[in-house]
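Here's a quick briefing to read alongside the model. Have the structure open as you go through it.

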Amino acid sequence: MSAGARRTARSSPQPLSEAVSRQMSAMPTRDTRTEVALRRELHKRGLRFRVQLRTLPGRPDIAFTRARIAVFVDGCFWHRCPIHGTAPKNNRTWWAAKLDANVARDRRKDQNLRDLGWLPIHIWEHEDPVIAADVIEAQRQRRLDDPAAGHPDHVGHL
């Protein structure tokens, strides 16, 4: 595929309306409600972490550097949640390719993290932050107690 064809394939389709365009542009990429609720719950438990750690593949939403755990809070639409993921009716083909590429990128990023000795954990945006924090805390403790126990595990989505 030529560079021009790739550029055309990646470029955004014409939005259905200006309102749709504004709505999509306004969607947060960080500090979402679920992400903030999860961070508050983890902090309340006395757990300390880094936010948006740029030195790691995929820039995890939450990173526990000592335990080498990278947490991603995934939006149901953008990462194809099997429960809540939807397919837009407008520009269906373009969106299918875009969302498939997001999932493929997630898999590559997770493999890169595992290759570095990190444990990737994905939390869906609809999941209860308390339950998600329980899973994360248990994995963190497991890795701190026995660093070899968590490698190269992948917990996946809850």
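The buried residues of helix α3 are covered by elements that include β1 (50–51), β2, β3 (69–74), β4 (119–124) and α5. Contact here means heavy atoms within 4.5 Å, and buried means under 20% relative accessible area, with exposed over 50% and partly exposed in between (1.4 Å probe, protein chains only). Helices (H or I, at least four residues) and strands (E, at least two) are DSSP runs, numbered from the N terminus.

This is a predicted model, so local features need pLDDT of at least 70 and side-chain atom pairs count only at pLDDT 80 or more, while totals for chains, interfaces and linings use all residues. Residues are numbered from 1 along each chain as its sequence is written, and side-chain values use heavy atoms, with hydrogens and water left out.

**Helix α3**

- The buried residues in α3 are Thr34, Glu35, Leu38, Arg39, Glu41 and Leu42.
- They cover an arc of only 160 degrees around the axis, so they sit on the same side of α3; the arc is that of the directions from the helix axis to the C-beta atoms.
- An α-helix has 3.6 residues a turn, so residues three or four places apart point the same way.
- Over on the other side of α3, Arg33, Arg40 and Lys44 are exposed.
- After α3 comes glycine 46, with a positive phi near 85 degrees.

**Overall layout and confidence**

- The protein has 5 helices and 5 strands, and along the sequence they follow the pattern α-α-α-β-β-β-α-β-α-β.
- Of its 158 residues, 35% count as buried.
- Among contacts with a separation of 6 or more, 63% come from residues 24 or more positions apart.
- Mean pLDDT (the predictor's confidence in each residue, from 0 to 100) is 83 for the protein, and 75% of the residues score at least 70.
- Which elements have the lowest and the highest mean pLDDT? Helix α1 (residues 3–10) is the lowest at 48, and strand β2 (residues 62–64) is the highest at 98.
- Over residues 1–8, pLDDT stays under 50, and the model has 1 contact beyond four places in sequence for them. Where pLDDT is low, the predicted coordinates should not be read in detail.

- Arginine 143 belongs to helix α5 (residues 129–145) and is buried, at 3% relative accessible area.
- A polar atom of its side chain lies 2.6 Å from the backbone oxygen of alanine 67, and the arginine 143 side chain also reaches the backbone oxygen of arginine 68 at 3.5 Å.
- Arginine 68 itself lies in the loop between β2 and β3 and is partly exposed, with a relative accessible area of 33%.
- Arginine 68 has a positive phi of about 55 degrees although it is not a glycine. Most residues other than glycine have a negative phi.

**Alanine 70**

- Alanine 70 lies in strand β3, buried at 0% relative accessible area.
- Leaving aside residues up to four places away in sequence, alanine 70 touches Pro60, Ile62, Leu113, Trp118, Leu119, Pro120 and Ile121.

**Aromatic cluster**

- A search of the whole structure turns up 5 aromatic pairs. Rings of Phe, Tyr and Trp (its six-membered ring) pair if their centres lie within 6.5 Å; planes under 30 degrees apart count as stacked, over 60 as edge-to-face and the rest as tilted.
- Phenylalanine 77 and tryptophan 78 make an edge-to-face pair, with ring centres 4.9 Å apart and planes at 80 degrees.
- Phenylalanine 77 and tryptophan 95 are edge-to-face as well, with centres 5.4 Å apart and planes at 65 degrees.
- Phenylalanine 77 is buried at 18% relative accessibility, tryptophan 95 is buried at 12%, and tryptophan 78 is partly exposed at 26%.
- Phe77, Trp78, Trp94 and Trp95 form one aromatic cluster.

Methods: Polar contact = N/O pair within 3.5 Å; in protein donor to acceptor, adjacent residues only side chain to side chain.
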